Amino acid sequence: MSLSPKERLLNVLHNKNVDRPPVICTGGMMNAAIVDVMTQSGRTLPEAHFEADLMAGLSRDVQEQTGFENFGIPFCMTVEAEVLGSEIDFGTLECEPKIRQEVFPSVGTVIYRDIRQMLDAGRIRKVAEAGLRLAKAHPDVPVIGSLTGPVSTAASIVDPMQFLRELRKDRENSHRVLTYVADFLIAYARLLVDGGASAICIGDPTATGEILGPRAFEEYAVEYLNKVIDGIHDAGVPAILHICGDLKAVKPLVPKLRADAISTDAMVNLRLLKEEYPTLTTMGNVSTYLLEDGDSEKVARTTERLVKDGVDIISPACGLSTSSSLAAINAMTGTVKESR
Amino acid sequence: MSEVKEKLFKELAAAVVDMDEDKAVATAEAVVAAKIDAYEAIEKGLSAGMERAGELFDEEEYFIPELLMCSDAMYAGMDVLKPHIRQDAVAEKRRVVIGVIEGDTHDIGKNLVKIMLETSGFDVTDLGRDIPPARFVDTAREIDADIIALSTLMTTTMDGMGEVVRQLNAEGIRDSFKVIVGGGPISQGFADRIGADGYAVNAADAVRLARRLTAAEAVAA
């Protein structure tokens, strides 16, 4: 069986047979534009956050040099919050962009704007344009559009401490804000799909069992992640969901999530998770720290074990440090590709 | 302890654990009206409640939203009681400088540690997020801190923690402060490598660590 990277990934996400797992890095929270890649290619961040051709070019550099079998855009988690009004620090070559200041002090003070207008704001169109260029030029390689999940996006426009309180204190407005954010994310995802994205990945680091606990995770995270996932499905592509941290507090809720693959952090044993939920498509989870540490042999061993454990898609556990080495990443991608 | 007093202290603790701000305020007002010692009411009522909330957090009964609501009830009760504290009743508090290291703006973890330290009787100066190493050093010296607490969620900013220790060494004042570190990518191994005095895995653990380090200091002195 000879599959293109795009066929292989889509087959896995549609529960069809493959020769071996794909090895990918989705962009967004899992940005793979590391310093090593940028210093070699000369296409650098933060500039590439703003220009479609640079973004597409850097994404291509990443794919070529790392061996990851996809394009992952954008390179940050701030596209959504920027458009929704928060102040962004666009970072440096080494340091990814971050929220400088959330725009609203509480869920009750959020100003609701027209979603269609917001799609023309900030970097939304640039990301979609970058995706379109990549999809056109490389039809065999999947473009993955990365979204910041609804809970994290909400906590990027409302002061996060206040937001977490108000999940209990002001449930009406919390639900209202999350509905608004989810609707916006769906519209953004649709734009990326129209531009040729083969799949959408959602990273929602604030939506963890460790932060929210099982009750709030079910009431908010499951509810609005599924809303966004359904929207992505309606747009016609599969959805991958990354859940940060230890799953244990919310593990019974995992089957309720309608994502086509679930990616987890390194401390989660994906083999055991699969034993418990055999129908789950798993993705992960080569330790981010191991990859940063740079010991290629250890990376290869860990990767080999994950492939043997039957993990469906191999990927860094919780994103990549920008100071990770290309050698370590290639040890990971190379091991997967030799594993048929 | 008189029965009334005991009952009110229990109610204060329960108000905190139950995340009930209104009840915390009403009970604190009852404490004031009954002329019960305000400092004792904070210690044995509100702080005891917060300690219980911390235990529930450790046991994964409570999570961050619950802990924040508990601390809101605690601070609401404190606001009522504080003006009534007799000056001679106040023990000298240990001082902590806390902040998120430069390059990182994630501060949920830091804020939790701050709340737990404050409710455990530490006097906390919060520098905020994205703070350059030199500001930790300068502030610690300015307020004569006992502890410098450093937080980060990003691997790329971990170096800044080592830089704080290096600056303290360079200025010959390393022994004047205990340096504690925490956050997603931080481990005991990392703390040892940069020469920090301790690592805490979560907010409740940070309180235990801070108590242990300042107790050891008191014995040494």
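A salt bridge, in this talk, is a side-chain nitrogen of Lys or Arg within 4 Å of a carboxyl oxygen of Asp or Glu. Keep that cut-off in mind. A:Arg271 and A:Glu275 meet it, with N to O at 3.3 Å. One caution before going on: this is a predicted model.

Let me stay with that pair. A:Arg271 and A:Glu275 sit four residues apart in helix α11 of chain A, residues 270-276, so about one helical turn separates them. A:Arg271 is partly exposed, at 35% relative accessibility. A:Glu275 is exposed, with a relative accessible area of 54%.

Helix α11 has another salt bridge to show. A:Lys274 pairs with A:Asp312, and their closest N and O atoms are 2.7 Å apart. A:Lys274 is in helix α11 of chain A, while A:Asp312 lies in the loop between α13 (296-308) and β9 (313-316), so this pair ties together parts 38 residues apart in sequence.

How many salt bridges does the structure hold over all chains? The total is 43. Another of them joins A:Glu219 to A:Arg171, at 3.0 Å from N to O. Here two helices of chain A are tied together: A:Glu219 lies in α10 (209-235) and A:Arg171 in α9 (171-194), 48 residues apart in sequence. A:Glu219 is partly exposed, with a relative accessible area of 23%. A:Arg171 is partly exposed too, at 46%. Chain A also has a network of salt bridges, which links A:Arg8, A:Asp19, A:Arg20 and A:Glu69.

Now a buried site in chain A. A:His242 is in strand β6, residues 239-243. Is A:His242 buried or exposed? It counts as buried, because its relative accessibility is 2% and the cut-off for buried is under 20%. Its side chain makes a polar contact of 2.5 Å with the side chain of A:Ser263. Beyond its sequence neighbours up to four places away, A:His242 touches residues including A:Met29, A:Met30, A:Ile202, A:Asp204 and A:Cys318.

On to the two chains together. Chain B puts 26 residues in contact with 28 residues of chain A. About 2100 Å² is buried between them, with 62% of it on carbon and sulfur atoms. Six salt bridges are counted between chain B and chain A. B:Glu60 and A:Lys248 form a salt bridge, with closest N and O atoms 3.6 Å apart.

Which elements of chain B give two or more residues to the side that touches chain A? They are α4 (64-81), α5 (108-119) and β2 (123-131). The largest share, seven residues, comes from α4(B). By type, that side of chain B has eleven nonpolar, seven polar and eight charged residues.

Look at one contact between the chains. The side chains of A:Glu102 and B:Arg129 are joined by a polar contact of 3.2 Å. A:Glu102 is in the loop between β3 (98-101) and α5 (115-118) of chain A. A:Glu102 is buried, with a relative accessible area of 8%. Leaving aside neighbours within four places in sequence, the contacts of A:Glu102 include A:Ser86, A:Ile157, A:Asp159 and B:Arg129.

Now inside chain B. The domain assignment gives domain 1 (3-89) and domain 2 (95-220). Their centres, taken over C-alpha atoms, are 27 Å apart. Twelve residues of domain 1 are in contact with ten of domain 2. About 940 Å² is buried between these domains, and carbon and sulfur atoms give 67% of it. Two salt bridges are counted between them. Three residue pairs are in polar contact there, both partners at pLDDT 80 or more. On the domain 1 side, α3 (38-58) and α4 each supply at least two residues. That side divides into seven nonpolar, three polar and two charged residues. Elsewhere in chain B, the side chains of B:Glu51 and B:Arg211 meet in a salt bridge, 3.9 Å from N to O.

Last stop: helix α6 of chain B, residues 133-143. Its buried residues are B:Pro133, B:Phe136, B:Val137, B:Thr139 and B:Ala140. What covers them includes β1 (95-101), β2, β3 (147-151) and α7 (159-170) of chain B. Just after the helix, B:Asp144 takes a positive phi of about 55°.

How values were computed
Residues are numbered from 1 along each chain as its sequence is written. Chains are lettered from A and ligands numbered from 1 in the order in which they are written. This is a predicted model: local features need pLDDT of at least 70, side-chain atom pairs count only at pLDDT 80 or more; totals for chains, interfaces and linings use all residues. Side-chain values use heavy atoms; hydrogens and water are left out. Contact means heavy atoms within 4.5 Å. Buried area is the accessible area (1.4 Å probe) that two parts lose on being put together, summed over both. Ala, Val, Leu, Ile, Met, Phe, Trp, Tyr, Cys and Pro count as nonpolar, Asp, Glu, Lys and Arg as charged, and the others, Gly among them, as polar. Domain bounds come from an automatic or database domain assignment. A polar contact is a pair of N or O atoms within 3.5 Å; within protein, one must be able to donate a hydrogen and the other to accept it, and residues adjacent in sequence count only if both atoms are side-chain atoms. Buried means under 20% relative accessible area, exposed over 50%, partly exposed in between (1.4 Å probe, protein chains only).
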